[in-house]
Amino acid sequence: MEEFHNGNEGSFNQEEVDNSIKECIESVVGGDDYSQSLVNKWTAGIVERCLTQLVKQGKPYKYIVTCAVMQKTGAGLHTANSCYWDTTMDGSCTVRWENRTMYCVVSVFAVAIA
Amino acid sequence: MDDYQTEEESVEAAIGGNAYQHSRVNQWSTSVVEQCLSQLSKLGKPFKYIVTCIIMQKNGAGLQTASTCFWDNSTDGSCAVRWENKSMYCIVSVFGLAI
């Protein structure tokens with residue numbers, strides 16, 4: 001979906017969140033190959049870590065973090081998001097990561113608290 | 001929940017009888033989220049909504065999704081629908097946050 005453009009300093013910082021997410025993914029699945037028995041733990045670990053980092057920032061937001069991990073076998077995967085919110089205050093960020101055996105797509109949605 | 005039916009109907013209407021096609025999947029996922037969102041906003045409730053859709057071709061690959069939310073448990077909620085046909089899976093999630 002379209003990029004979130006935001007001129008407001010104190011609100012959603014897309015770049016910072018982007019980097020934060022990448023670090024979280026790397027730390028959970030960094031050097032691993034896709035494993036069906038572990039993937040459950042990985043997705044849970046990734047979303048929890050991302051959320052913890054976001055909440056630490058102490059900004060007045062509610063957060064939703066989603067993560068999809070897919071094994072690389074040549075299948076097609078497509079994701080889409082649509083949001084009905086306050087475009088001046090709310091924002092999202094999606095990171096696509098991959099290694100030799102899997103893809104990982106993480107999305108963060110931040111909704112301002114009034 | 002009303003949302004569940006809304007989501008299922010939207011998916012069925014957008015991609016119902018089709019087989020997975022790389023050239024059209026972009027259009028389908030967009031259409032699914034847009035239809036879901038417009039149905040939800042028609043409900044007229046004081047909520048902000050986030051709708052996500054994942055469409056995956058069936059070829060034996062493993063897919064795992066997870067989501068976690070930091071919100072107000074008493075007023076906010078989510079709903080996920082898993083739909084499939086012979087050639088693809090479609091997972092739609094709706095998150096509703098009270099204003």
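1. The contact between the chains comes first: 39 residues of chain A touch 38 residues of chain B, where contact means heavy atoms within 4.5 Å. Please keep in mind that this is a predicted model, in which local features need pLDDT of at least 70, side-chain atom pairs count only at pLDDT 80 or more, and totals for chains, interfaces and linings use all residues. Residues are numbered from 1 along each chain as its sequence is written, chains are lettered from A and ligands numbered from 1 in the order in which they are written, and side-chain values use heavy atoms, with hydrogens and water left out.

2. Between them, chain A and chain B bury about 3100 Å², with 63% of it on carbon and sulfur atoms. Buried area here is the accessible area (1.4 Å probe) that two parts lose on being put together, summed over both. On the chain A side, Lys62(A), His78(A) and Tyr84(A) lose the most area to chain B, together 23% of what that side buries.

3. Two salt bridges are counted between chain A and chain B (a side-chain nitrogen of Lys or Arg within 4 Å of a carboxyl oxygen of Asp or Glu). Lys62(A) forms a salt bridge with Asp76(B), at 2.8 Å from N to O.

4. Which elements of chain A give two or more residues to the side that touches chain B? They are helix H2 (39–56), strand S1 (61–71), strand S2 (77–84) and strand S4 (102–112), where helices (H or I, at least four residues) and strands (E, at least two) are DSSP runs, numbered from the N terminus. S1(A) gives the largest share, 11 residues.

5. Cys67(A) stands opposite Ala66(B) in S2(B).

6. Chain B has two helices and four strands, in the order α-α-β-β-β-β along the sequence.

7. Over all chains, the structure holds eight salt bridges. One within chain A links Lys22(A) and Asp18(A), at 2.9 Å from N to O. These two residues are separated by about one helical turn because they lie four residues apart in helix H1 (residues 14–29) of chain A.

Notes. Two strands pair if DSSP finds at least two bridges between them.
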